[in-house]
Amino acid sequence: MPKVIVNDREIEVANGSSALDAVFHAGFDVPYFCSNEYLSPIGACRMCLVEAGSPRKNPDGSWILEESTGLPKLFYFPGTVASCTLAVSEGMVIKTTTDAAVKAQAGMMEFTLINHPLDCPTCDKGGACELQDRAYEYGYGEARFEFTRRHADKHHALSDFIVLDKERCIHCKRCVRYFEEIPGEEVLDFIERGGHTFIDSYQSEDLAGAKLGNFSGNINDLCPVGALLDNVSRFRGRNWEYDRAQTTDMSNADGSSIWVDARTGRIERIRAAHNKEVNEIWISDAQRFGHEWVDADARVRSPMVRRNGKLEVATFDEAVEAIRKANLEPKSLGLYTSADITLEEGVALESFAKTIATINVDHFPRYNSGLGGVSRATFTDLAKADAIIVIGADLYEESGTAYLRIEESLKGVISSDAQFNHGAPLADLRLKERMDRKRSKLAVFAPIPVQQMSHAGISSLYAVGSELELLAQINQAKSGTDSSNAQANAAGKLLAAAKNPVIVLGSFALATDAEKVLAAAKKLGGKIMPIPAGANGAGLETLELVPAKNGRSFGQWDGLKGLFVSGSMLSKRPKSLELLVIHTHTLTGAALEADVIIPASTAYEKRGTTMNLEGRLLPLTGAAVDGGQSVDVIGALQVISDAMNAKLEIRGTRSAQRILQDKFGLEMDKIPVEGAFPTKPVSSRSAPIVRSTTGETVLLVPRMWTENMLSSNRIRESVGADYLTVNSSDAQKLGIHDGFNLELEVGGKARAVTVRIDEAVSAPTIPALNTDLPGALSSVKIAVMVGGDD
Amino acid sequence: MGVLEIAKGMGTTLGKLFQKPLTVSYPESPIRLQPRFRGRHILTKHANGLEKCIGCSLCAAACPAYAIYVEAAENTSSNTVSAGERYASVYEINMLRCIFCGMCEEACPTGAIILGTDFELADYKSRDFVYGKEDMMVGVVGTKPQRREASAKNKPVKVGYNITPRAEVAEALEALKNPSARISSLPASGVGTHSVARDAGDGAGRSSPSRVGFAPIAPQKEGVKR
């Protein structure tokens, strides 16, 4: 390790470290804007100027010595140099506090500010702005330039979610590099030159939100100034006014860490939090922008009871009374929850079901097998894998973190790898712009074309439902026998040569028969990353939240008289039901036909624990959101138990955590924000699921945006209409044409869709909603055909 | 002590009997306030009628009594409220909390909020002490209870004081009377300047981009942090 002298301190840093990292490691500070630990250092902003010099060697390998002292002679760079792109060498001397360095930094700051509008009071970044802080610390404090500033468009919408203020941009190129280096989609670039330079996407003429991809919001966090701003939180509050809470996102099973910024009881903004082993600093747009439904006027904020056929606002006592009146036997009662509740709530439900001795308990969505029985891959395993086989997953929609970690893996540089002894490097010289991606180590198989196929060396479509066949072919090829499927053969060879392979199984692979698919995937060797259907699917399967023998799973309503459903996954009130209690935050689907509504708190308001798809326990800390009288599942069970005169064993998060502590061997209230793995082996439970399809079927594809999020007009407009994507032969069979507007009945739920013809899909596909099991086939009926207008 | 001294003293006392009394029988007659008096806030406007407030919430940040609450929104071409990108859609001051220190006025980058001269704020319900934009906008005479009384009696607001207002207040009131008057205290920085302002032909702040930004501090000699 080279020894480096920073100002007066001598330190040792790893070979290949940048001078910027050496400066920070030594405990000094230099200003920088363009550098970021996950992006390539390019020296664009020129702020990290230092004086540096290093000794040189003679051709024979000996140091060139100073004649007077006999010590190695230092050869200084002629001026100041940008430390982020300078690699350290043995004996290098870096000076950050000399007059020349200080003057260079302040001078550079002055240049950066020449055209900056200084409208900090109106800027959403104000108070949390790197430029503001650095100008204060390193600037002259006063402008000497008396020219008119450059004027440009201050409200340039890059997408429905991102606004660019061209005047504020300091051309650090973080956002441009982000799109190329992280999700691997080059959608932004510099346009024009010199003082006219601005950032734009070539598509933004005909603007539509989806065009910046599913991970566009991360550039808001990256931007060191207020140039790229979150349009959802635009002007909603100043940075110092927010009540911040670091919690875990529950819109998918990634377990991404997020900051929830609330003000006066409303969620105004969500930002990515740093969790280097999970989401690094990236979250998907759904996780970032999809929060408006939490504060929507339509949210249920108090209990409701049906009186004279109408749902009316009521008190909790009235709700208890309404349930008591039904006078149900516990045996004919079913308890069902969505798979995005916390483990604490799950334990409470499990215990309550045992107390009242009902065997009808389930969570939805889930697969017919627990996913914990395999050797689970972590995100780090995924990033470090030398072969990645993705089967039946559209990770772009299903698991943004897995998608980005695979992209990281293709680059071959894991930023969080603590190769540097002061932690993550700020300027990682291993990262380059337009790095060569090792596409050959990624194989993607899916029944429909998915985004990641364009980055994969091996990719092919398979017929819906033929996962087992594909896995068998890959397994055959791995052991040396080629089959007729060339891509499967290539994947098999890739696996055979790999030391640390990871197999990612997504919803398309698991929805039909997870049990068999998991067994087949196990045979391939290597670690497996099965993606659960629900946000806390991995956690809830460790509890007894599946029907016991003779119990009724979700969707099996025969013989049930009363139903408690937490979540919005029930589309219609089952017939022959005497009592329907729904614990929800939105009046949709069956909630409109319910007898009693209990207001539900959202995942942003809850305190508790979740388990992400790696099996990592992550904490949820409630943000300061005003949910009215809403309660979590434990609170809702309190209502039911009061009505049934049953004793609720678990009456709060604390008592639930005591039970979980025994189960996982961890102190549940002390789980760090970056998460922890259980110290005890946990079992996973499974039960068959009810899926019956008749007649025409449609493939339910996973979508990043949940049904709740789509209730926001902004998101609905950005996402556009739901499409029924069919190939032309299917279209002919169904008698539909491109651009037709249809009303469908998908699995008993009415859906309005527009027809899109795409030859690449082997079966008709439609985005899944809350009520659907993504990846599965569902029966479909065309109810109304409106005709097209194309 | 002689008789003379006593007589002198009594003379002074007697002399006062014939002078005009200093006592003001407030509220029957108005009292005289000094120009520096700080009373109920005024939200000012530019000469073109646009609000000066850009909803930046710096007044709320500066307020030692946490009396101010601001919610901002964006100006649109159909609804242009302020000369800038954003305006205050909600601007509330809780007069029970306010200590009339004037920090908000000092923090305001556009000179939008100034402390005015009204001080007769006494009211019955605590929620009536929360003054919104409509209660503080320049041109509104009197406090909430005064205006309520005036409207009940169908009479103009009776203000119980006389004052020669200080320059800021006078200017704000003058701008209201004479909309074409050029206001000298336009923001010096680029603050609140936006295409809207330019479209409105206001040019607020654009013409003087000099001397802007940060508190004048010397560049740090020691780059050492941490």
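The model is predicted: local features need pLDDT of at least 70, side-chain atom pairs count only at pLDDT 80 or more, and totals for chains, interfaces and linings use all residues. Residues are numbered from 1 along each chain as its sequence is written, chains are lettered from A and ligands numbered from 1 in the order in which they are written, and side-chain values use heavy atoms, with hydrogens and water left out.

Chain A is divided into domain 1 (3-110), domain 2 (244-366 + 533-688), domain 3 (379-398 + 414-420 + 437-531) and domain 4 (697-788); these bounds come from an automatic or database domain assignment. Between the C-alpha centres of domain 1 of chain A and domain 3 of chain A lie 44 Å.

Strands of a sheet pair through backbone hydrogen bonds, either parallel or antiparallel. In chain A, seven strands form an open sheet with mixed pairing, in the order β16-β15-β26-β25-β24-β17-β18. Strands (E, at least two residues) and helices (H or I, at least four) are DSSP runs numbered from the N terminus, and two strands pair if DSSP finds at least two bridges between them. At the edges stand β16 (310-313) and β18 (361-364) of chain A; each has a single partner strand, so one side of each is left without a neighbour in the sheet. Direction ignored, neighbouring strands of this sheet are turned by 20 degrees against each other on average. Strand β17 (residues 333-338) of chain A runs parallel to β18(A), joined to it by four bridges; Leu335(A) has Val361(A) in β18(A) as its bridge partner.

Two helices of chain A pack on this sheet. Helix α8 (residues 343-356) of chain A touches β17, β18 and β24 (562-566) of chain A, and its direction makes about 175 degrees with that of β17(A). Helix α16 (residues 633-644) of chain A touches β17, β24, β25 (579-584) and β26 (596-599) of chain A, with its direction at about 165 degrees to that of β24(A). Contact means heavy atoms within 4.5 Å, while axes are lines fitted to C-alpha atoms, for helices over the stretch in contact, and angles run from 0 to 180 degrees between N-to-C directions. Within helix α8 of chain A is Ser351(A), which is buried with a relative accessible area of 14% (buried means under 20%, exposed over 50%, partly exposed in between, with a 1.4 Å probe and protein chains only). Not counting residues up to four places away in sequence, Ser351(A) touches Glu649(A) and Ile650(A).

A hairpin is formed by β27(A) and β28(A), with five residues between them; in the turn, Gly615(A) has a positive phi of about 90 degrees. Four bridges join β27(A) to the antiparallel strand β28 (residues 617-620) of chain A, and Thr610(A) has Leu618(A) in β28(A) as its bridge partner. In a regular strand the side chains alternate between the two faces of the sheet. Strand β27 (residues 608-611) of chain A has both faces covered: Gly608(A) and Thr610(A) on one side, and Thr609(A) and Met611(A) on the other, are all buried.

Over all chains, the whole structure holds 18 aromatic pairs, where rings of Phe, Tyr and Trp (its six-membered ring) pair if their centres lie within 6.5 Å; planes under 30 degrees apart count as stacked, over 60 as edge-to-face and the rest as tilted. Ring pairs link Tyr38(A), Tyr178(A), Phe179(A) and Trp282(A) into a cluster.
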